[in-house]
Amino acid sequence: MAAHRKPRNSPLGGQAARTAATLALASAATATVFEGSGQAEPRLTPAQVKAKVDRLYQEAEVATEKYNGAKEKVDEARGALDRLRDEAARRTERLNTARDALGSTATAQYRSGGLDPAVQLALTSDPDEYLARAALAEKAGERQATAITSVRRELTGIGQLRAESTERLTQLRGHEAELRRQKTAVQGKLDEARKLLARLTAEERARYEAAATGSGRGDGAGGFADTAGARADRAGEGRGPVAAPNGRAAQAISFARDQLGKPYVWGATGPSRYDCSGLTQAAWRSAGVSLPRTTYTQINAGQRVSRSELAPGDLVFFYSGISHVGLYIGGGQMIHAPRPGAPIRVAPIDEMPFAGATRVA
């Protein structure tokens, strides 16, 4: 009979094994922490934060103009749908009137025994009465035919209006979906910009905002240079009398000057806050000129002019996507609503990439 071997104890058995397992897990966790730390985004310099935030604000403005365009289409589609519904209500009222007329004719025939007017005429022996009844029957027949035609016409019209209303409602739902998408895009860009700014110290944020709003001097110590726009605004450039080419341009500029200092809010059209195209639209509206809502439609709202031909009152546009607009006031200056956190101000047109200009009037 074979002898049984006594199993050898594992060198890591019992408490030793548990200790080793614990150490292994701890080592793995430590390695994970170090690995994650190695992949963490390094601290950005204030200048790098500014560059990223400026880019996010510019992208947010692109999305804002798309939002404005979608909102304009929503308003147009909703207005068209309301007009169709009003017209349908009017046609329904006319239809009910025509039906009432037919009902009255049917009631009269029932009371007369339900006889056809021609049969009633045949049973009349008095020639004079026959002629009188014939004339009345002819008129009644004409009225009945007219009523029937009216009913048919209104039924057809109501059917067409319902079909068109259904189509408009589908368009409205599509524009509303686009509006929600662009709203989400704008808010996402602005949230990302706020998170980046939160990584700055209080002093660095103050320098950034001072440079953006022109309310103070950024000496470069925090990475923010004094902007040309800030210098122009502090010096009061562009605030004096401007030789506008006509009264309407002068009125538009005067209106824009009255808005200086009011906040930029994306999608806003006044009177207490504006985005860039909302400000130019309101300025020219005060002069009796109707402009479309967005930058990429406003640029086609008048005569294109070159930069060398600029005159006070012209609309000046920036970036390749035509995502920003200001109101030119002469001397290389404009009034514009820059971005969130930067109020309506006077600034040089050189502070952004120039894309074109339009003369409205």
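Okay, let's start with Phe 354, which is partly exposed, at a relative accessible area of 25%. On that scale, buried is under 20% relative accessible area, exposed is over 50%, and partly exposed is in between, using a 1.4 Å probe and protein chains only. Bear in mind that this is a predicted model, where local features need pLDDT of at least 70, side-chain atom pairs count only at pLDDT 80 or more, and totals for chains, interfaces and linings use all residues. Residues are numbered from 1 along each chain as its sequence is written, and side-chain values use heavy atoms, with hydrogens and water left out.

So what lies over the face of Phe 354? That's Arg 307, at 5.0 Å from the ring centre. A charge sits over a ring if NZ of Lys or CZ of Arg is within 6 Å of the ring centre and within 35 degrees of the ring normal.

Phe 354 also has an aromatic neighbour, Phe 318: the ring centres are 6.1 Å apart and the planes at 85°, so we call the pair edge-to-face. The rule here is that rings of Phe, Tyr and Trp (its six-membered ring) pair if their centres lie within 6.5 Å; planes under 30 degrees apart are stacked, over 60 edge-to-face, and the rest tilted. Phe 318 is buried, at 0% relative accessibility. Phe 318 sits in strand 2 and Phe 354 in strand 6 (residues 354-359), so this pair ties together parts 36 residues apart in sequence. Helices (H or I, at least four residues) and strands (E, at least two) are DSSP runs, numbered from the N terminus.

By that ring rule we get two aromatic pairs. Tyr 67 and Trp 266 are an edge-to-face pair too, 4.8 Å centre to centre with 80° between the planes. Tyr 67 is in helix 2 (residues 46-111) and Trp 266 in the loop between helix 7 and helix 8, so they tie together parts 199 residues apart in sequence. Are they buried or exposed? Both Tyr 67 and Trp 266 are buried.

Six strands make an open, antiparallel sheet in the order 1-6-2-3-4-5, where two strands pair if DSSP finds at least two bridges between them. Strand 1 (303-305) and strand 5 (345-348) are at the edges with a single partner strand each, so one side of each has no neighbour in the sheet. Strand 2 (residues 315-318) and strand 3 (residues 324-330) are joined by four bridges, and Leu 315 has Leu 327 as its bridge partner in strand 3.
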